[in-house]
2 protein chains.
Amino acid sequence: MASMADVARRANVAVSTVSYALNGTRPVAKATAERIRKAMDELGYRPNALARGLASKRSRNVALIFPMLERGLGLTEMEFVSAAAETAGDLGYHLVLWSTPLGDTDLLTKLTRQGLVDGVVIMEVHLEDARIEMLRRNGVPFCMIGRTGDNRDDPFADIDFESTVRDAVAHLAGLGHRSVGFVNHSQRSFDTGYGPSVRAARAFEEAAAAAGLHGFSRFCDDSPAAGREIWRDITAAEPGVTGLIVMNERASAGVLAAILQQGGRVPEDYSVLSVASSARVSEMTYPPLTTYHPPAAELGRLGVQVLIDRLEGREVPLVQQLIPCRLVLRDSTGPAARPHGAGS
Amino acid sequence: MASMADVARRANVAVSTVSYALNGTRPVAKATAERIRKAMDELGYRPNALARGLASKRSRNVALIFPMLERGLGLTEMEFVSAAAETAGDLGYHLVLWSTPLGDTDLLTKLTRQGLVDGVVIMEVHLEDARIEMLRRNGVPFCMIGRTGDNRDDPFADIDFESTVRDAVAHLAGLGHRSVGFVNHSQRSFDTGYGPSVRAARAFEEAAAAAGLHGFSRFCDDSPAAGREIWRDITAAEPGVTGLIVMNERASAGVLAAILQQGGRVPEDYSVLSVASSARVSEMTYPPLTTYHPPAAELGRLGVQVLIDRLEGREVPLVQQLIPCRLVLRDSTGPAARPHGAGS
DNA sequence: CTTTCGACTCGAAGCGTTTCGACTAACCGC
DNA sequence: GCGGTTAGTCGAAACGCTTCGAGTCGAAAG
């Protein structure tokens, strides 16, 4: 592999001059620059990333910390990762993937101390997140996807669950639904302070109250089976229900199946509105789900963009961006049926 | 950040001795080793990955080349990426993500020449793949997920589409189906030599013939809408059909929906058998799809494992592994209806 | 008691960059 | 025609590690 010394020799200049020409660090005469450029592509020269990083103390690598979740990663996360990788590439950076158990701060500490990356994008942030504490303490530049409860001046990009849930409630209320349920993630995710669970739950209570309708919430494990079960539970406890907001991609299919199985029709008898589930999945259920789609790609792009801006020392204002989900109408919502006439 | 020199000073030894102790490159006295160890964790020392890589000419990074596809990445790919990242981590490596347009050999060349990674795992390999040519030519160690048409002595791990499709045909034949269709990916994917499309298509023809049943194939774009359309096409052209093998995750939901919409029942009137689609999605359709699940995590793990084995110079036999999909029974297949009695 | 060998250690020379200080020629304003 | 810039270039010193050659010492071998 050709090195900078080879290029310098061939172009008849000092190594440092090659470096200047390459990075524009200092002015280089037009003719010299041309000679160097020529030498470079005759040799097929590419600067060595490791050496460059070592000497400059900037690796031009960023890490994406992405958790090994028991519930597994979904398509939203995939979109997110794709966008992050692509954006990093566009900005001349490399994206390295750190798959770490959610609580493992030690592992993360070890990883960050290796000096392989200049900063990290961290996802699945919890309201209280030891990893964020650690990053702050160790002075590791980072950008969150999601946010803690106490984010003061750390940059983040997150889904605006508050406004999304508000919109969702308004949407159903607008269709005449007066008794609306909210199907959340698991109790456990709520208890451990998973941001979306907590914020959405709160937002739902408020929005339902504000809209003057009867609202109730359920936790639900992330599986179709749990979704089926929760529907049975709901119809038993809330016979007047006509609308459901489901923020649980995997459960949503179960809910739909359970309704159909009980002889209910969607959307004639019940409206099911999905929140933050991916397009690829929403269009595959029966009927296809009307959904507030998460801005996964935007978040991914934004996350690495913001991080890199900081790394490059650009004097950027603190970015703390909330992006609402975008409504895509499909076939699972419609005008409310007469309150008690529903379900066979 | 503490450096090796700091550790050496504190432990009262030469820098090289610290290195030997750290890597076991040469013997170090027990007492010395202990002193060094102590110094290390008093300082919270972690070796600098860049310096280490530069000096040793082995970065301990591997790249995952993953394509920006127009059809987007699915859950299978996500599982795959997760497994790869996790495995790399377990083996003390970092996984960097290179998101590249499928045909962009130049970009790939640039990336590999930077010396950031020791080798690459490459996915979505086509039967004729310029990227593989390039890797061979440039002597970049690699492992394919998928395989070219001419793989001689390059390592790969791939889904065994031949045997999977054979099994699928046998499964339906065993249920009494005599007229079975195969829904492939798009014509385009076939024409551009996308391995799964080509191999599965061939395998289906053979297996259908061998089983003595009436088999026919269709290409289908990757979308529910295309799936609906293909079903209309099929019922028009093949009125006797009772079984369908669908190797197209996104289309499968459309097929199901179209059947239901025409008043057909699954599996009473028609059996739909999905091939190589993810569990997360298969369980969300209506009815849930009986599926041959792709061994995504195994492939991901295997890919980086094999690559790293080679990098470490272990004298491993050439790994060219084919893993069949595993059948998971759900609700979309059953005994064949009377040939012509189906469909309302 | 020498020789030999292995365990153990050290210093120095890289690895391929960036960056710093210094030096030379113009060139500018006066 | 003299200080002061500025464009353009060079050599050398890092950066934090690995690796090589060489040296010391004690124990086993002859």
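B:Phe182 counts as buried at 1% relative accessibility (buried means under 20% relative accessible area, exposed over 50%, partly exposed in between, with a 1.4 Å probe and protein chains only). This is a predicted model, in which local features need pLDDT of at least 70, side-chain atom pairs count only at pLDDT 80 or more, and totals for chains, interfaces and linings use all residues. Residues are numbered from 1 along each chain as its sequence is written, chains are lettered from A and ligands numbered from 1 in the order in which they are written, and side-chain values use heavy atoms, with hydrogens and water left out.

**Aromatic pairs**

- Over all chains, seven aromatic pairs are found (rings of Phe, Tyr and Trp, its six-membered ring, with centres within 6.5 Å; planes under 30 degrees apart are stacked, over 60 edge-to-face and the rest tilted).
- One of them, A:Phe190 with A:Phe219, is tilted, at 5.1 Å centre to centre and 55 degrees between the planes.
- A:Phe190 is partly exposed at 28% relative accessible area, and A:Phe219 is partly exposed at 29%.
- B:Phe182 and B:Phe204 form a stacked pair, 5.2 Å centre to centre with 20 degrees between the planes.
- B:Phe182 lies in strand 6 and B:Phe204 in helix 10 (residues 195-210) of chain B, so this pair ties together parts 22 residues apart in sequence (helices, H or I of at least four residues, and strands, E of at least two, are DSSP runs numbered from the N terminus).
- B:Phe204 is buried, with a relative accessible area of 0%.

**Sheet in chain B**

- Six strands form an open sheet of mixed pairing in the order 7-6-8-9-10-12 (strands pair if DSSP finds at least two bridges between them).
- Its edge strands are strand 7 (214-218) and strand 12 (326-328).
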